[in-house]
Each structure stands twice: as structure tokens, then as C-alpha cells.
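Here is a short tour of a two-part model, written for someone who likes to see the geometry spelled out. Have a look at the structure first, and then read on.

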Amino acid sequence: MLRREPEAPDGRLEAELTQLFAQYREALPDPEATPEFMPKLWRRIEARQSLNRDLRRLAQGFVTAAALVSLVIGIFLSLPQGRVSAFYTNTYLEILATDQAQDDPDVVEIVRAERISYERTQ
Amino acid sequence: MRDSEARTDAAAGRAMVVDFELIGRARGGDDAAFGQIVQAYRKRILGTIARLIGRPEDVEDVGQEVFLRLYFSLDQLRTPEMFEPWLYRLTVNAAYDHLRRQRRRQESRMADLTERQVQMADAMAGSKEARSAREKSKLRELVDSLLGTLSEQDRILLTLKEIEGLSLKELEKIYRVNENALKVRLFRARQRVLKAYAGLAPKGGPAPV
């Protein structure tokens, strides 16, 4: 139950206000629509439908264009490119493996063997 | 639309103006069914809008906006039983948008006219019909100015309750908030209007109508 605030106006004003609202309701009865109401409404509905159609067409065009651009980019990326240095195409591990191959102990051994034989001939 | 098939809203005790089958057909895209719904509710909705916005010249425009929104949102209606609260919600939203636009525009209104202009308008209106129209106009302006002390939302809520005579159950369905919250808001809005009304009333006498 709502409590009345102490400074609230008295019941007489409350009753008057209720009566005032009732009079206002009577003074403003439900109006009859003009004959133009329905034709105007249908025109507005058609205008909105046409706007929606245009927006949908625009969105579809945009999606198609985006799909086309994606396709073109995909084709471009899948085409074989010109000779590119292994530095750009190989992975880090592949490059590391190549470098290690250069430090192969067999090669070092051979060099040492040659060196030894050279020293012996001296 | 068949009267014999009109259903009764249990909560409100009001008869549905159209049957569920017609609403279903309109939801399915049947323009003829939609036209019938508009014909059935047009007068009631225009009346509500007239009392909500207080500007007879804008009533049809706002009414068309309501039915336009209805046309494009009917597919979102979950059950035909909720059709009337749904329609009222659209009405409330359209009236609210209009009142906000109107406040922004700050158009020149009868209430803003100078005392001299009002006296001239009074002098011109001599016949009985003109007098009656003038009294109605004054009453409208008085209620409009009292409701003008509220926010747009409270104005609409109070109008629906006090002038349109909607029950709390109906308002609950329209606003989707619980009854107690509505009661509190209505009480505060009414108190504010009452205070404004008391300010207009001369000491010891009734407020001017």
C-alpha cells in the first residue's frame, strides 16, 4: 500500500483531478480517420519496402564484390611466384639444418687428413 | 473479422476486436488481412494517440507510423494472444518518439501565445459551438500543461492509466514490468501532476478548467 506524502494536496484536489481527466477523455473522443488514411499508409509501407529492397540489393552487391575480391586475391596468391631466395621460403629449421651440414665432422676430418698428409710430405 | 469469434482478454476483460486467425493470416503476409486489422483498430488507436500527444493535427501521422511499425514487426509477434499489448506498445513507442521530437522542435503552441492573442481568439469565438470548442481547447491545454510537468514516459503511463482507463494488468503486459513498479511510478507521476494542479488552483477554490 502506498503511503501519502505529508505535503500531498488534500482529497478534494485528488477528486478534481480525476474529474478533470474524465472531462479530458470526453473532450477528446476517438477521431474518425480521413479517407486518405489507408492510401497514405499503403504508400508509406510501399516506400519502406522499396527502401528495404534497395538496401538488400546494395548489401548483396557488396557481398558479391567482397567474394570476387577474395577470389582474385586467392588466385593471385596461389600462382607460382618467381625464383625467390631460400632465405625467404625455407623455414628456420631448414636453414639451421643447412648451416649444420656445412659444419659436418666428415668434411672437417678430410681437411685434417689432407693437412696431416701435407705435413708428412714436408 | 467476425464478432462471434472475438476473444476476450481474460486479464483485462476487454473483447479482442479481431480474431486470432486474421492476425495469423496478417503475420503470414496477407495484406488484405492486415488491412482488416487496421480498419478494426484504427479508431481506437487514433483516439489513444490523440490523448497521448494532445495535438489533433499530428494524430493521423503518428497513427500511420504505428500501423507501419505493426506491418513490419508482425512476424516478431510470438502469439496472437499478445497482439493487443503489442499494438499498444507500438502506440506508446510512436507517441513517445513524437513527444520527444516535439519537445526538440519547441514549436509555437497555443499555450505559448501571449495573453493578448488569447483574448483576441476569445473575442472572435462568439457562437455556442465556438464557445464549446473553446472550452474543450482550454481543457485540453490545461491537461496538456499539467502532463507537461512529467517526463514523456511518465506522461504516457499516466495517460494510459488515468485517461485511457487501462488496468494495471494491461499496463503490465504493455510495459513488461511488474505491477508494483508500475504502481510506484504512477503514484509519483500523479503526485507531481497534483502538485502542479494545486499550484494553479486559487486559494480556497477549485482549479481553473
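In chain B, 57% of the contacts between residues at least 6 apart in sequence join residues at least 24 apart. Keep in mind that this is a predicted model. Chain B has 209 residues, of which 30% count as buried. Its secondary structure comprises nine helices and two strands, and along the sequence these follow the pattern β-β-α-α-α-α-α-α-α-α-α.

Let us turn to one pair of helices in this chain. The axes of H1(B), residues 20-27, and H2(B), residues 31-53, come within 7 Å and cross at roughly 130°. Angles over 145 degrees would count as roughly antiparallel and 65 to 115 as roughly perpendicular, so H1(B) and H2(B) are oblique to each other. Their crossing is left-handed. The residues that make this contact are set out below.

| Helix | Residues in the contact |
|---|---|
| H1(B) | B:Leu22, B:Ile23, B:Arg25, B:Ala26 |
| H2(B) | B:Ala33, B:Phe34, B:Gln36, B:Ile37 |

By type, the residues of this contact divide into six nonpolar, one polar and one charged.

Now for the meeting of the two chains. How many residues of chain A are in contact with chain B? There are 28 of them, and they touch 33 residues of chain B. On the chain A side, the elements giving two or more residues are helix H1 (11-27) and helix H2 (37-78) of chain A. H1(A) provides the largest share, ten residues. This side of chain A divides into 17 nonpolar, two polar and nine charged residues.

How values were computed:
Residues are numbered from 1 along each chain as its sequence is written. Chains are lettered from A and ligands numbered from 1 in the order in which they are written. This is a predicted model: local features need pLDDT of at least 70, side-chain atom pairs count only at pLDDT 80 or more; totals for chains, interfaces and linings use all residues. Two residues are in contact if their C-beta atoms, placed from the backbone, lie within 7 Å. Helices (H or I, at least four residues) and strands (E, at least two) are DSSP runs, numbered from the N terminus. Ala, Val, Leu, Ile, Met, Phe, Trp, Tyr, Cys and Pro count as nonpolar, Asp, Glu, Lys and Arg as charged, and the others, Gly among them, as polar. A residue is buried if 20 or more other C-beta atoms lie within 10 Å of its own, exposed if 12 or fewer, and partly exposed in between; C-beta atoms are placed from the backbone. Axes are lines fitted to C-alpha atoms, for helices over the stretch in contact, and angles run from 0 to 180 degrees between N-to-C directions. Angles under 35 degrees count as roughly parallel, over 145 as roughly antiparallel, 65 to 115 as roughly perpendicular and the rest as oblique. A crossing is left-handed if the near helix is turned anticlockwise from the far one by less than a right angle, and right-handed if clockwise.
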